[in-house]
Structures are given as structure tokens and as C-alpha cells.
Amino acid sequence: MKLHKVLAMLAVLASGLFHAAGAWAYTETSGGWNLPTGATAIAQEVYDLHMMMFWVCTVIGILVFGVMIISIVKHRKSLGAKPASFHESTTVEIIWTTVPFIILIAVAIPAAGTLIRMEDTRDADLTVKVTGYQWKWEYEYLGEDVRYFSTLAAESNAARQLGSGIDVNTVENYLVDVDNPLVLPVGKKVRFLITSNDVIHAWWVSELAVKKDAIPGYINETWARIDKPGVYRGVCAELCGRDHGFMPIVVEAKSEAEYAAWLESQRGGETATVDEAAAPAPVEVAAAAETVTDAATEAPAELDKAALMAAGEKVYGANCVACHQASGQGIPPNFPSLVGSTVVQGDAAGQITQILKGKGLMPPFPQLSDADIAAVVTYTRNSWGNDSGLAQAADVAALR
């Protein structure tokens with residue numbers, strides 16, 4: 001056998017092995033080589049479509065490159081090959097037009113069916129309104145009297161700060177964990193109404209096959225029915241601002257009984273015993289802050305300046321430092337300095353109202369407890385040379 005024939009055969013064999021090895025690797029989802037199989041039937045359909053397209057492209061690649069390699073080797077000029085003259089062949093034109101058309105139709109039919117099912121939000125068991133803010137998510141369970149915010153976990157937020165000195169490798173689920181996950185029941189069709197309060201965000205959880213833009217003034221719909229309990233993570237998929245990378249999404253799917261207990265706990269009921277860890281946790285602050293929070297749920301108690309300052313520094317670090325900086329200097333012109341600010345040196349009621357309702361680019365923070373807001377107001381009013389008095393939880397409660 002001549003050398004060129006051996007080389008041609010090896011080339012074809014190598015091409016086949018390369019694609020086969022690639023195909024095998026890409027079917028191993030656990031190694032991060034492939035799309036996740038997902039936690040919903042729709043996600044499984046998306047995965048199956050993806051794999052079908054992968055194999056279609058693999059077969060086409062093998063055929064096309066195989067023919068090319070064989071033609072180049074076998075019909076090269078040194079062997080005296082002459083150019084073919086079928087470039088105006090009607091038969092060839094029909095074949096290379098018809099075959100791709102048939103392939104596209106064969107792929108489009110199942111893809112269209114999946115897309116139609118993805119958009120069918122009818123007959124939902126539960127509706128959750130998802131609102132994007134810079135840079136957090138608000139979840140409102142319509143008809144259930146439950147509403148809360150979900151922000152980057154305090155551990156990740158602290159580690160990401162410049163000069164924090166924290167090794168991010170020591171932070172579990174760094175930048176993909178939140179304080180309050182979205183809790184959903186398994187086996188129930190959940191409709192999501194997605195919008196935004198400021199700029200365009202996108203709510204994306206790949207394992208649920210859900211990705212919708214959150215647009216101010218518009219409401220987009222999508223849905224999911226999660227098949228198995230677990231924690232599923234996602235991110236904002238739209239460039240929504242300087243902290244776009246710090247507004248992850250965490251969905252925690254629970255059994256129906258656990259979900260019912262959690263939902264009751266959010267309403268202030270007494271059945272929150274199944275998984276208290278899933279309940280929205282307040283900002284983790286010093287022991288003094290815990291005292292403030294606990295007291296605020298019963299009868300707001302007045303704390304001294306030292307206790308408020310200690311708690312306020314923690315609240316500020318978890319919620320305010322990204323925009324106003326640890327030095328309080330802010331990032332003008334969008335995020336003004338708090339040093340000598342007329343807001344923090346003016347009437348405390350005005351500052352509390354601004355925190356509760358937001359103003360301009362500053363989002364509202366009603367998810368913070370009365371005690372946390374009182375603490376952070378006190379901290380900003382007595383830091384960086386400011387000296388503007390204290391605020392107590394009762395002052396915040398009166399302005400909600």
C-alpha cells in the first residue's frame with residue numbers, strides 16, 4: 001500500500017476518533033463538560049435537543065471533512081487528477097439544497113414544540129413575581145402575603161471587597177450564594193412574572209431552563225415545575241451595572257410539606273419547624289444587633305450608641321459599602337459621599353425614609369429589619385467625622 005493511502009486512512013481514522021472522543025466527553029455532564037440535565041421536564045427537553053444537535057453536527061462534520069480529506073489525498077494534482085465538470089449539475093444543486101432543508105425541518109419540529117411548551121404559563125399552581133433591582137432580587141408570592149429580598153450572601157460580599165484579605169477559596173459557593181433563596185415546592189407548576197425596578201436584568205437559572213429579561217415597565221412570563229428537591233443556582237444574565245456580577249439567584253426546591261411549613265413561617269405562623277435554615281435570615285451582625293432584632297419583633301428597645309454603632313458597621317458592610325465605599329466617600333456622581341452629607345446630617349426621619357423607599361439610583365431596603373436600619377443610620381451619622389445623633393428601631397417602625 002502506498003504511503004499516501006496510509007496517510008489518508010490515518011487521517012480519516014484520527015478524525016473519527018477525535019469526534020468520538022469529543023462526543024464521549026461531552027456526554028459526561030458531571031465533569032462540567034456539558035449542559036446540566038436540569039431539574040424540570042422542560043430542562044430535560046432542552047438538554048435532549050442540545051444533544052441531538054450535537055450528534056447531527058458531529059455526523060455532518062465527519063462526512064464533510066472525510067470527503068474533503070479523501071478528495072485532497074486521492075485526487076491531488078501529482079497523481080494526474082483532472083478537475084470534475086459537474087459544477088453546473090442540476091442533480092447536485094438539488095441534493096445540496098434538499099438535504100440541509102430536510103435536516104433543518106427535522107430539527108425545527110421538536111425545537112418548536114419545546115418552545116411552545118416553555119411559553120405555556122396556563123394552569124399554574126403558584127405565581128411568584130420576580131423584580132430585579134441593582135443589585136438584588138425581590139420575590140413576592142402572589143396571594144400568599146409573602147415578600148422578601150434576596151441579595152448576595154454576606155460571606156461572599158465581604159470577601160469580594162478590595163483589600164478584604166479574605167481568601168475567596170475559603171468561601172463556600174463564592175458569589176453564587178444568597179441570604180434568602182427563592183423557596184419553591186416540587187411537583188407544582190410555578191409561574192414567574194418577571195420585571196425590573198430600575199434597569200434591564202435577566203433572571204436565569206439554567207437547571208430550570210428559565211431565562212427571561214426583567215424590563216422596567218414590562219412583565220415577562222415563564223414557568224417551571226421542579227421534579228426533585230435540591231438547590232439550583234443561577235445569575236443575572238444581563239449587564240445591569242457595575243455590580244452585575246454580584247446578584248446571583250438561588251432556588252431551593254422543597255417537598256410540598258416542607259414548603260407549606262416554610263410558607264407559614266414567612267407569614268409569622270407557628271409551624272416553622274421543618275427547615276428553619278431556609279427561612280430568610282436577617283443580616284448577620286454582631287451580638288448587639290441580634291439583640292436589637294429580637295427585641296424589635298416584640299417591643300422596640302432603645303440601645304446605646306456603642307451597640308448601635310457595632311451593629312451598624314456590619315449592616316453597612318453588607319449592604320452599603322459597594323456604592324458608598326468603606327470610607328464613606330461614595331463614587332460620585334452616581335453614589336454621593338456620606339462624609340458631611342446633608343442627608344446623614346439632616347433630619348434622621350429623612351434618611352430613614354430614603355433607606356426604606358430608595359431615591360434615584362439607590363434602591364429601597366425595606367427588607368432590612370427596623371433594628372438593622374436604625375443601626376446603619378446611627379453608624380453613618382457618627383462615622384467619618386459626622387456627628388448627627390442616633391436612631392432607634394422605634395423611629396424606623398414609625399416610618400414604615
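Predicted model: local features only at pLDDT ≥ 70, side-chain atom pairs only at ≥ 80, totals over all residues.
How many of the eight residues of strand E5 are buried?

**Entry 1: strand E5**

I looked up E5, residues 189-196, and found it mostly covered, with seven of its eight residues buried. I then checked which strands pair with E5. Strand E1 pairs with E5 in the parallel sense, over seven bridges. Strand E8, residues 220-225, runs antiparallel to E5 and is joined to it by six bridges. I used leucine 193 of E5 as a reference point for both pairings. Lysine 129 stands opposite leucine 193, and leucine 193 also stands opposite glutamate 221 in E8.

**Entry 2: the whole protein**

I took the overall counts next. The protein has eleven helices and ten strands. Of its 400 residues, 38% are buried. I also looked at contacts between residues at least 6 apart in sequence, and 64% of these join residues at least 24 apart.

**Entry 3: the open sheet**

I traced an open sheet of five strands and wrote down the order as E4-E10-E9-E6-E7, with mixed pairing. Strands E4 and E7 (210-214) stand at the edges with a single partner strand each, so one side of each has no neighbour in the sheet. From one strand to the next, the twist averages 25 degrees. Inside this order I looked at E6 (residues 201-205) and E9 (residues 230-236), which pair in the antiparallel sense over two bridges. Tryptophan 204 has valine 235 in E9 as its bridge partner.

**Entry 4: helix H5**

Which residues of helix H5 are buried? In this helix, residues 256-266, I listed Tyr259, Ala261, Trp262, Leu263 and Ser265. I then asked what covers them. The cover includes strands E1 (126-133), E2 (136-141), E3 (146-150), E4 (182-185) and E10 (248-254). H5 lies across E4 and E10, and I noted an angle of about 135 degrees between H5 and E4.

**Entry 5: the second largest pocket**

I turned to open space and noted about 710 Å³ in the second largest pocket. The lining has 38 residues, and the closest to the pocket centre are Asn319, Cys320, His324, Met362 and Phe365. Which helices each supply at least two residues of this lining? I found H4 (154-160), H7 (305-319), H8 (321-324), H9 (348-357) and H10 (370-381). I sorted the lining by class and got 21 nonpolar, 13 polar and four charged residues.

**Entry 6: the second largest cavity**

A search of the whole structure finds two cavities of 30 Å³ or more. The second largest cavity has a volume of about 40 Å³. I read off its lining as Ile42, Met118, Leu208, Ala209, Val210, Thr222 and Trp223. By class, six of these are nonpolar and one is polar, with no charged residues. Val210 of the lining falls in E7, which spans 210-214. Thr222 and Trp223 of the lining fall in E8, residues 220-225, the strand that six bridges join to E5.

How values were computed
Residues numbered from 1 in each chain as written. Heavy atoms only, no water. 1 Å grid on protein atoms, 1.4 Å probe; cavity = no way out; pocket = protein on both sides within 12 Å on 5 of 7 lines; lining within 4 Å. Points joined across faces, edges and corners; volume = space filled by probe spheres on them. Nonpolar A, V, L, I, M, F, W, Y, C, P; charged D, E, K, R; others polar. Buried < 20%, exposed > 50% of the residue type's maximum accessible area, 1.4 Å probe, protein only. Helix = DSSP H or I, 4+ residues; strand = E, 2+ residues; numbered from the N terminus. Contact = heavy atoms within 4.5 Å. Pairing = 2+ DSSP bridges. Axes fitted to C-alpha atoms, helices over the stretch in contact; angles between N-to-C directions.
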